[in-house]
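Student: Hi, can we go through this model together? I'd like to ask things as they come up.

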Amino acid sequence: MSRATEPESGAPKLELRHISKRFRVGGRVVAALEDVSLALGAGEFVTIVGPSGCGKSTLLNIACGLLQPDAGEIRLDGQPAGERLGKVAYMPQRDLLLPWRSVLDNVTLGPELAGVSREEARREALADLPLFGLEGFEHALPAQLSGGMKQRAALLRTLLLHREVMLLDEPFGALDALTRLQLQEWLLGVWARFRTSILFITHDVEEAVFLSDRVLVMSPRPGRIALELAVPLPRPRARHMCDEPECIGLREKLLEALGLDNPSG
Amino acid sequence: MNDPRWRQGAQALRGRLPALALLAALLALWELYALTGLTPRWVLPSPSDVWRAGVEAAGLMAPHAAQTMLETVVGLALAIVGGLALAVGIDLYDLLRRAMYPLLVASQTIPIMALAPLLIIWFGYGLLPKVVVVWLVCFFPIAINTADGLNGADPDATALLRSMGATRWQIFRKQRLPGALPAFFTGLKIAVTYSVVGAIIGEWVGASQGLGVFMLRASNAFLTARVFAAIAVTSLLSVALFLLVAALERLAIPWYFAAAKREQWEEIK
Ligand SMILES: Nc1ncnc2c1ncn2[C@@H]1O[C@H](COP(=O)(O)OP(=O)(O)OP(=O)(O)O)[C@@H](O)[C@H]1O
Ligand SMILES: [Mg+2]
């Protein structure tokens, strides 16, 4: 007999059921999301791809509690989650590092808000800096970092929140192709080590396939799940897998679902 | 020679060079004009006359300047306290913003010169009315700039902190307040440039000591060079206060300058 507050074993870490959301923009009503359902299992890496403006960020904002849906239900660990702020780790599209705080003080923001002692938070953050390629930059200000370093710092800040669910909104969207490839492999390493559940957003079909266990394709506004695709590639992932026919097939299916013509045809 | 501080100092000086050169040129022109004798010296003394009068009356002027500075510093300090308090109140309570903000802006149309005599009637001839004038002059730029700075906090960053479970007070302490410091210093710099003049206006209406009184007396005695010397001292005091605030600003918000100019990147040549 388990009490109502205990997580149901096997229940998804995060579950969105029949979520709809509309915005009023200058007198006009815009339907951003319509009947979106998805589940994120424990330790799972799920990616959402979709055209710009289809409601991906809105979905994450709803999941983390910054917005409330017009209809639908959000569950964490199988339990309806009314107040969600502070329960899942959310990394917005922009890095949003506070410019007056050093890298170290930025990444320990979460523990600081939670009342963890400064020494303890710093000790843990310092231990993670090498993995995040920020060693030696702990006292640098955000203005002194490269774009890739800022994203890694924002990601470490998200990780140090110690939540079981991480919502990452296009973390590599603003980076050059090379840095992006490096950070993808690095993210998989971090994920394998910390074993969190990740809901990841991207525009990039190749990135989606390389990273995820499952890929969800969203339709243009109003956002709906148009296709769900499992990625049966083994882990750990290696870059050469992307060139194999199976993987190319997955990418083509995704592009087709996104309404783009077959690029190899 | 490679000491970065030395280099920064040299750079700062080079940056000011055009302004200093222009000032020197204007003074030289003025001196030359005075030498022609087209205007009597008691109407328009030359810069060197002003300098001599200033040196001669330095001992006389010092206690007056000290009095003016006292009024200025007390008024300014109270304006910082009041301005910050109002800005924070306006930021925390939207009703207060809607009630106060328009009135505050409208209050700036009231000429301080017209108000000063009333202050003498209400507060007498002591320190208080001068401090009130300084306060009135300085309060507005500090309050409005700080309130705007707080209000201009990045809503996305606020959302991020909320998603982390931050309370309203934590968001204020960790995001809004630090982010408003540059705007606060902008307001403070505007305030200090007006502050000394505010004290002098207060003194004109009624006082026994202060640079304003010194100016009035010199003017009544047709000691025009002395009036100019007092004006120069007023300017110097204002500039000194301004530089002090600018130095404090560098110490308080180094990140702002790093972000604005990337000056902490030292290029290696
Ligand atoms: N706070 C809001 N107020 C009004 N409309 C909004 C708001 N947030 C989002 N929208 C609208 O909802 C739709 C979806 O926006 P959203 O930011 O979720 O898109 P997105 O899929 O994240 O796009 P992108 O890939 O460009 O980031 C857009 O049409 C947008 O204009
Ligand atoms: Mg988005």
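Student: How much of chain B is made up of buried residues?
Tutor: Keep in mind that this is a predicted model. Buried residues make up 39% of chain B, which has 269 residues.

Student: And how many helices and strands are there in chain B?
Tutor: Chain B has 11 helices and 0 strands. Read from the N terminus, the order is α-α-α-α-α-α-α-α-α-α-α.

Student: What box do the C-alpha atoms of chain B fill?
Tutor: Roughly 75 × 65 × 30 Å, along the principal axes.

Student: What about contacts inside chain B, how many join residues at least 24 apart?
Tutor: Take the contacts in chain B between residues at least 6 apart in sequence. Of these, 71% join residues at least 24 apart.

Student: New topic. How many residues of chain B are in contact with chain A?
Tutor: 22 residues of chain B, and they meet 23 residues of chain A.

Student: How much area do the two chains bury between them?
Tutor: Chain B and chain A bury about 2,100 Å². Carbon and sulfur atoms carry 66% of that.

Student: Why give an area at all?
Tutor: Because the size of an interface is often given as the accessible area lost when the parts come together.

Student: OK. How many salt bridges cross the interface of chain B and chain A?
Tutor: The rule finds 3. One of them pairs E112(A) with K174(B). Their closest N and O atoms are 2.7 Å apart.

Student: Which elements of chain B give two or more residues to the side that touches chain A?
Tutor: Three elements of chain B do: α7 (155-163), α8 (168-205) and α11 (254-261). α7(B) gives the most, with 7 residues.

Student: And how do the residues on that side of chain B divide into nonpolar, polar and charged?
Tutor: 11 are nonpolar, 6 polar and 5 charged.

Student: Where in chain A do S57(A) and Q93(A) lie?
Tutor: S57(A) lies in helix α1 (residues 56-64). Q93(A) lies in the loop between β6 (89-91) and α2 (103-107). So the pair ties together parts that are 36 residues apart in sequence.

Student: What is the relative accessibility of S57(A)?
Tutor: It is 22%, so S57(A) counts as partly exposed. Q93(A) is partly exposed too, with a relative accessible area of 39%.

Key. Residues numbered from 1 in each chain as written. Chains lettered and ligands numbered in written order. Predicted model: local features only at pLDDT ≥ 70, side-chain atom pairs only at ≥ 80, totals over all residues. Heavy atoms only, no water. Contact = heavy atoms within 4.5 Å. Buried area = accessible area lost by both parts, 1.4 Å probe. Salt bridge = Lys/Arg side-chain N within 4 Å of Asp/Glu carboxyl O. Helix = DSSP H or I, 4+ residues; strand = E, 2+ residues; numbered from the N terminus. Nonpolar A, V, L, I, M, F, W, Y, C, P; charged D, E, K, R; others polar. Buried < 20%, exposed > 50% of the residue type's maximum accessible area, 1.4 Å probe, protein only.
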